[in-house]
Amino acid sequence: MAIRAALRSGFSGVAVMSLQSPPVNSLSLDLLTELCITVEKLEMDKSCRGLILTSSQPKVFSAGLDIMEMYGRSREHCAEFWRAVQEMWFKLYSTNMVTIAVINVPHRVTRPHGSSPAGGCLMAMSCDYRIMADNARYIIGLNETQLGIVAPTMFKDTMVNTVGHRITEMALELGLLFNPSEALRIGLVDQLVAEDQVLTTATQTMTKWLAIPEEESHAAVLSDERVRSALRYSEQQQTVR
């Protein structure tokens with residue numbers, strides 16, 4: 001299994017989803033499919049209102065898309081893989097659950113991990129809130145240009161929605177990767193904390209979000225939906241073409 005998800009003990013209505021696809025949580029077709037299915041199952045559980053997305057692999061949240069899913073593969077396989085990437089984005093971006101990306105947290109051990117380039121950055125940006133371990137060795141961003149790849153439209157649009165047009169323009173043209181303090185400064189992440197406090201902080205933050213009464217929470221979801229609907233429509237139009 002590439003995904004492990006369970007309701008967090010002692011915290012009602014909060015699930016923790018851990019990516020566990022060694023060595024670097026590359027976003028393969030199997031992982032993406034399993035992630036989407038898991039989100040659907042959690043959404044059907046009416047007691048689950050919040051989702052914390054993290055990693056159980058040392059030193060990385062996710063290294064991004066699995067390039068081998070596209071290299072030397074048939075047109076049909078590449079199309080299936082890209083649909084899975086889009087579906088992952090749609091699921092995380094449009095879910096009514098509060099979503100927090102944890103980049104990242106030690107699991108049972110104290111080995112540091114927390115980098116999130118390319119597709120891993122897209123996954124994090126698709127969440128409502130991003131908490132990153134405050135370690136200068138960790139990085140996040142869309143570095144496709146450095147690999148000779150043009151960042152897909154939904155990657156670009158999601159980053160524009162997160163940090164603004166000009167920062168996105170510079171970041172994509174140069175393929176920039178940001179350390180934690182830089183990511184916080186431009187708004188790519190929302191909070192930095194010590195490595196051993198990341199999951200605890202995520203849980204505390206989730207508690208604040210879930211403390212909003214149902215009526216106000218529904219209004220927040222609708223507001224969030226308006227901001228994001230244009231992005232989803234734009235990407236759907238790209239798919240149709």
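Student: How many aromatic pairs does a search of the whole structure find?
Tutor: Four aromatic pairs turn up when the whole structure is searched. Bear in mind that this is a predicted model.

Student: What is the geometry of Trp89 and Phe90?
Tutor: Their ring centres are 5.1 Å apart and the planes stand at 45°, so the pair is tilted.

Student: Are those two buried or exposed?
Tutor: Trp89 and Phe90 are both buried. They also belong to an aromatic cluster, together with Tyr93.

Student: And Tyr129 with Trp209, what kind of pair is that?
Tutor: Edge-to-face, because the planes are at 70°, with the ring centres 6.4 Å apart.

Student: Where do those two sit in the chain?
Tutor: Tyr129 is in strand E6 (residues 129–133) and Trp209 is in helix H7 (residues 198–210), so the pair ties together parts 80 residues apart in sequence.

Student: Is Tyr129 buried or exposed?
Tutor: Tyr129 counts as buried, at 18% relative accessibility; the cut-off for buried is under 20%. Trp209 has a relative accessible area of 31% and is partly exposed.

Student: How many residues of E6 are buried?
Tutor: Five of the five, so E6 is largely enclosed by the rest of the structure.

Student: Which residues go on which side?
Tutor: Tyr129, Ile131 and Ala133 are on one side of E6, Arg130 and Met132 on the other, and both faces are covered. In a regular strand, side chains alternate between the two faces of the sheet.

Student: Which strands does E6 pair with?
Tutor: One of them is E4 (residues 98–103), in the parallel sense over four bridges. Strand E8 (residues 191–193) also pairs with E6 in the parallel sense, over three bridges.

Student: What stands opposite Ile131?
Tutor: Val102 stands opposite Ile131 of E6. In E8, Gln191 is the bridge partner of Ile131.

Student: Change of topic. What span does helix H1 reach?
Tutor: H1 (residues 29–44) has 16 residues and reaches 23 Å from first C-alpha to last, close to the 22 Å expected.

Student: Which residues of H1 are buried?
Tutor: Leu29, Leu31, Leu32, Leu35, Cys36, Thr38, Val39 and Leu42.

Student: How many helices and strands does the chain have?
Tutor: Eight helices and eight strands. Of the 241 residues in the chain, 50% are buried.

How values were computed
Residues numbered from 1 in each chain as written. Heavy atoms only, no water. Expected span 1.5 Å × (residues − 1). Buried < 20%, exposed > 50% of the residue type's maximum accessible area, 1.4 Å probe, protein only. Phe/Tyr/Trp six-rings, centres within 6.5 Å; stacked < 30°, edge-to-face > 60°. Pairing = 2+ DSSP bridges.
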